[in-house]
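Me: Could you walk me through reading this one? I'd like the general idea each time, then the case at hand.

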Amino acid sequence: MRRAKARFGLLAGAVGLLIFLILFQQALLGGLVSQFIGALEHQSGEVLVYNDQARKNLEGSVILPGILEQVQAVPTVGEASPLGESTFTVTAGGKERDTVLFGYVLGKPGAPTTLIQGRLPQGANEGVASEKDRADGYDIGDVVQIQPDGVKITVVGVARDINYSVNPVLFVDFPTFEAAKRVRNPDATEILASAIAVTPKAGSSPSAVVADINAAVKGVQALTRQQAVDGSPGVSSVKSSFAIILLLFYLVVPLVTGLFFLIVTFQKASALTLLRAIGAPASALVRALLVQVVVIMVAGSIIAFGLYAGAIQGVKNLGVHVEVMPAVITSLVVLVLALITSLVAVRRVLRLDPLSATTGGGVHV
Amino acid sequence: MKLPLRELRRQPNRFVVAVVVLSFLATLLLFLGGLLDGLYLGSTGAIRAQQGDAIVYSASARDSFLRSRITGDVRTTVEHVEGVTEVGGLGFTLLGAKVPGTSDLADVAVAGYEIPPKGVPAPQADGKGVADDRLQDFGAKVGDTILVGPSASPIVITGFVHDTGYLLQSTVWVNLSTWRAVQNANRPDAAVHDDVVQALVVKGAGDLPKAIDAATAGATKTLTNDQAVLSLPGVKQQRDTFNQIIYTTMAVVLAVVGLFFSLLTLERLGLYGVLKAIGASSRRLFMGVLVQALVIAIIAFVIGSVLASIAAALLPASVPLQLVPSRFVSTFIGLVLAAAFGSAVSLRRVTRVDPASAIGTGS
């Protein structure tokens, strides 16, 4: 390897690029999914009730008058209260930005559950923002104004992973949400909740509550929090699209490595046969081959981690961070796959006939 | 040129693994590109089809149709701007729709319009509309009455148009009064008065965005059609991210081709020495390497195209994969260029081969 640096360097570079793409896309997938549905995942309602026309889309759901009372009357329901969601133009940090408001009834289900600093809202015009957006004018004490010239919301708390649709989020009380909606559309005849956030009565499971609500109330679709997260529009298609792309990448990395070592084995056939003829055991040659595979994969993984760490800086808006453990696991998986595909080259080495070194008839692998 | 092609024909096994790897990479490139195209075309069709020269939003909407609100007096101001020849209202409502004979709901965007987008007929009578043809995937037919939204507002489908999707939903094109009725019945918090629309499609000449925004004293933000397409949520970010992945994958193709042919060249150094000794030039030998790289890239592209097409046919509708001819062309060009540049890695070794080595050890 020392004497053929270009050859092995090129392979390590190609493997590094491929592993980098795997790491980057895995980070992107995790970041995108978390940024799409963080607020839904980290609110206190264990069950969410949507309009059955919404197709699990919170933005497309409206709770019609009379539904809340019917849900509250279901025997296994502990507490049920309206949850509003909508995207607004706001001024934050001196700039106009998109922001999603989650309006919930204070003290009831729907509050953010990952508060890391400050407190929850205690009245109108107070909000909890996402930790990721602190620097953009959403830190504690900052004032965010709904446009045009609408309510001013003071950030009183910061929570982790509560973004939604890849936008900043503010959890506010329901009247503040209503006021913001009326600013955006003075023609609004009624401000309806997007969903109902529910906590089960003691002793009842969320899935039992879901079944009871769906059986008792017409025109709604109750979902456990996890079902709501998994069924959110975009999440399943993003997951399935990335899964196929990642699968192809996981196939290509070992193929490239296997191809390289197979060719190298062909090229070195004469030398390897000679080594066998002078007494080198096949196991030593196989070991040498596998050591080269491991060295290349480790070098590729190090290159990939460097590229990954650099690329993550470019997508920090997705809230993704450089994480060592996933990178190590991915590198190990790819190493194992590369070792498996290198077995073809190993098989060739094992099939070398030492006698052919003495016949002058050429070496056949 | 005969020698490299003959080698490809007589010793195909030598090239099989490179073809397999490149075929996978070609499939990957087409798949990535197909996803990007599917997301882009499915999200932006309704805006790309607009026949105006500019689209006017309310200033505080941040280029979002759903947040924009243009009142009658703003419209009147826009109509009187110099250079403006025609103004039409536009509005979108995203809802679920029940198609007769099916149990699953379809996602639709009910769009109210005045200036017909490309392929869409003039606005029809109240309660009637033409739908984007992706609604046919949900079983909709001409003459069906679909029921949209929680209020089950009826719309009779009178025809289908192609490539007018909005945010991956099937657009149902209706007149403005039908759109307002649907919006007010199903989205009371986004209800609109009779003279209110979400945006204006404007035809005219000159610097319309500047003239319109100046005339409305900053109450509007006017974009060209291309700008409006890119301002749709997620479109620009998706395009940038996928393009970065595609370019990096192309770099891998380049590295793989470079790796393969540098190894192959190393293997053939003795042969090149002999060929040079009998008069073959470095240029001729390198052209042989280049031809082999191009042939491999072309074969890999064909296999990759077949695999990607099969994948597109087998994947569920939730994966927005759309393979368009231009993507095949760009992938082909990318692969061929990567193969050409990748094979150039061998150029130095080919030119350094000493013909005298053929007389000596032959290696």
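**Reading the chain contact and the fold**

Reply: Start with the contact, which takes 48 residues from chain B and 48 residues from chain A; two residues are in contact if their C-beta atoms, placed from the backbone, lie within 7 Å. Keep in mind that this is a predicted model, where local features need pLDDT of at least 70, side-chain atom pairs count only at pLDDT 80 or more, and totals for chains, interfaces and linings use all residues. Residues are numbered from 1 along each chain as its sequence is written, while chains are lettered from A and ligands numbered from 1 in the order in which they are written.

Me: Which elements supply at least two residues of the side of chain B that touches chain A?

Reply: Helices (H or I, at least four residues) and strands (E, at least two) are DSSP runs, numbered from the N terminus. Here the list is α2 (13-48), β2 (84-98), β3 (105-113) and α7 (235-267) of chain B. Of these, α7(B) gives the most, with 14 residues.

Me: And how many nonpolar, polar and charged residues does the side of chain B that touches chain A have?

Reply: For the classes, Ala, Val, Leu, Ile, Met, Phe, Trp, Tyr, Cys and Pro count as nonpolar, Asp, Glu, Lys and Arg as charged, and the others, Gly among them, as polar. That side of chain B has 30 nonpolar, eleven polar and seven charged residues.

Me: At roughly what angle do the axes of α2(B) and α7(B) cross?

Reply: Axes are lines fitted to C-alpha atoms, for helices over the stretch in contact, and angles run from 0 to 180 degrees between N-to-C directions. Angles under 35 degrees count as roughly parallel, over 145 as roughly antiparallel, 65 to 115 as roughly perpendicular and the rest as oblique. The axes of α2(B) and α7(B) come within 10 Å and cross at roughly 170°, so the two helices are roughly antiparallel to each other. Their contact has 19 nonpolar, five polar and one charged residues.

Me: How many helices and strands are there in chain B?

Reply: Chain B has eleven helices and nine strands. Its radius of gyration is 29 Å, well over the 21 Å that the globule rule gives for 363 residues, so chain B is more spread out than a compact globule. That radius is taken over C-alpha atoms, and the rule is 2.2 Å times the number of residues to the power 0.38. The C-alpha atoms of chain B fill a box of roughly 95 × 50 × 30 Å, taken along the principal axes.

Me: What ipTM and pTM does the model score?

Reply: The scores are ipTM 0.70 and pTM 0.77.
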